[in-house]
Amino acid sequence: EKNITSRTKWSSLKKQLEDDERYKAVDRSSSRESLFREYQDTLPEESNSDIEEENDRQKRVAAEAAIEERKKEVEAELGEQLKERSKEHEKHKYQEHEESFKALLIDLIKSADYTWHEARRILRKDSRYENCDLLEKDAKERLFDAHVQHLERKRREVFFQLLNETKDITPSMKWREAKKIIEKDERFAKFNISERKTERDYKEWMEERKEAVMKDFKDLLKETKIITYKSLKMIQENEQHLRDILAVLENDKRYIVLNNAPVERERLLEQYLEELDKKGPPPPPTQQEADRRRK
């Protein structure tokens, strides 16, 4: 049963027999070995060809075992690849449903004033809504919120552009007066939003415009070479210098745009003159700067 040959060693064989009841039935170890030797003497001598054949057989068995092991490894690797492919497929399907829902929002929800509850009732009436089943309620609401925010940004951009292009609106004009001017424009009629929201946007635009106009006027003052650190004292001594300054400023649109806010414009001019007076004369140029000027 154990493929014993004339070359089999007792030390190797007895390890294979230790658990066999027939092995245990022989009490003494020496008796077991004697029985093995007697049996081995009855066996024919093994030829080299027999040994080679056994070696070849063992090699084939080992090779087959290695092949089977590799098959198992390949199957495991393929299993992981199939799992990854399945995940990619699921991800792709989810993205398709997302894009379908975004297309629905673009086609059906054209105002930022809709609530999610109102929008959902409109969306569910469209047959394409079934193509978004992979999206849970929270995901749909998140996409709706992003869509509404986009609509709101676009609406404000168009509204601000309309205000920027309406030259009759001055930096100090109230919304009630401004509305009378822009409501004649067909772009304003398309907004279809609440009066309160429109007025809020107008106030925000007005604040931004005021800041921009004031900054432009300050830049104009800095660019006006006739205004120096000496100007404040010169005006106090003789107002002709102020008239000379105003004669230069009056030709610039950054001055003209503040014609409806003369008090604020005068305050900015006085503030700039005081700042220059406090700073005093500019520091002398460095030698390098002096050389550059001479060139």
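1. This is a predicted model, and its secondary structure consists of 14 helices with zero strands. Of its 295 residues, 27% count as buried, while the accessible surface comes to about 22100 Å², with 48% of that area belonging to carbon and sulfur atoms. Among contacts with a sequence separation of 6 or more, 65% are between residues 24 or more positions apart.

2. H97 deserves a look in helix α4, which spans residues 48-108. Its relative accessibility is 12%, and because buried means under 20%, H97 counts as buried. The side chain of H97 reaches the backbone oxygen of N131 at 3.0 Å, and a polar atom of that side chain also lies 3.3 Å from the backbone nitrogen of D133. Leaving aside residues up to four places away in sequence, H97 touches N131, C132, D133, L134 and L135.

3. S231 is found in helix α10, residues 231-237, and is buried, with a relative accessible area of 0%. Its side chain reaches the backbone nitrogen of T228 at 2.9 Å, and a polar contact of 3.0 Å joins it to the side chain of H241. When residues up to four places away in sequence are not counted, S231 touches I226, H241, I245 and L273.

4. The structure holds nine aromatic pairs. One of them is formed by W116 and F144, which are tilted, with 5.4 Å centre to centre and 45° between the planes. This pair links distant parts of the chain, since W116 lies in helix α5 (residues 116-124) and F144 in helix α6 (residues 137-165), 28 residues apart. W116 counts as buried at 11% relative accessibility, and F144 is likewise buried, with a relative accessible area of 3%.

5. Y202 and W205 form another tilted aromatic pair, at 5.9 Å centre to centre and with 35° between the planes. How far apart are Y202 and W205 in helix α9? They are three residues apart in this helix (residues 195-223), so about one helical turn separates them.

6. A last point concerns a charge over a ring: R265 lies over the face of Y255, at 3.8 Å from the ring centre.

Terms used: Residues numbered from 1 in each chain as written. Predicted model: local features only at pLDDT ≥ 70, side-chain atom pairs only at ≥ 80, totals over all residues. Heavy atoms only, no water. Helix = DSSP H or I, 4+ residues; strand = E, 2+ residues; numbered from the N terminus. Buried < 20%, exposed > 50% of the residue type's maximum accessible area, 1.4 Å probe, protein only. Contact = heavy atoms within 4.5 Å. Areas by Shrake-Rupley, 256 points an atom, 1.4 Å probe, with all protein chains shown as cover. Polar contact = N/O pair within 3.5 Å; in protein donor to acceptor, adjacent residues only side chain to side chain. Phe/Tyr/Trp six-rings, centres within 6.5 Å; stacked < 30°, edge-to-face > 60°. Lys NZ or Arg CZ within 6 Å of the ring centre and 35° of its normal.
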